[in-house]
Amino acid sequence: MTSAEARQQAQEEELTLLVADNTAGYYGVCLELKSKTKPYKAQVRRGGNMVHLCSFATAEEAALCVARSPE
């Protein structure tokens, strides 16, 4: 999924990709340079613990995953 496709999907699902002042640019998304193909990690806090949801090729895909999470 491209960045534009992820933004379009979020709009269709009426979800907001929360912008943040971090290297990835989105809340719940961090950039991990170890991975060349999927460097963006989606993560949320559950029960006081940080939980890794999945890794993605674009920050927007990861932000969409975070927006879809119940937290």
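Helices (H or I, at least four residues) and strands (E, at least two) are DSSP runs, numbered from the N terminus. The structure is a predicted model, in which local features need pLDDT of at least 70, side-chain atom pairs count only at pLDDT 80 or more, and totals for chains, interfaces and linings use all residues. Residues are numbered from 1 along each chain as its sequence is written, and side-chain values use heavy atoms, with hydrogens and water left out.

The axes of helix 1 (residues 3–12) and helix 2 (residues 59–68) cross at roughly 20° and come within 8 Å. Axes are lines fitted to C-alpha atoms, for helices over the stretch in contact, and angles run from 0 to 180 degrees between N-to-C directions. Helix 1 is therefore roughly parallel to helix 2, a term for angles under 35 degrees. In contact (heavy atoms within 4.5 Å), Ser-3, Ala-6, Arg-7, Gln-9 and Ala-10 of helix 1 meet Glu-60, Glu-61, Leu-64 and Arg-68 of helix 2. By class, this contact has three nonpolar, two polar and four charged residues. Ala, Val, Leu, Ile, Met, Phe, Trp, Tyr, Cys and Pro count as nonpolar, Asp, Glu, Lys and Arg as charged, and the others, Gly among them, as polar.

Gln-43 is found in strand 2. Not counting residues up to four places away in sequence, Gln-43 touches Gly-28, Cys-30, Met-50, Val-51, His-52, Leu-53 and Val-66. Between Gln-43 and Thr-23, the separation is 20 residues in sequence and 14 Å in space, C-alpha to C-alpha.

Conventions: Parallel < 35°, antiparallel > 145°, perpendicular 65-115°, else oblique.
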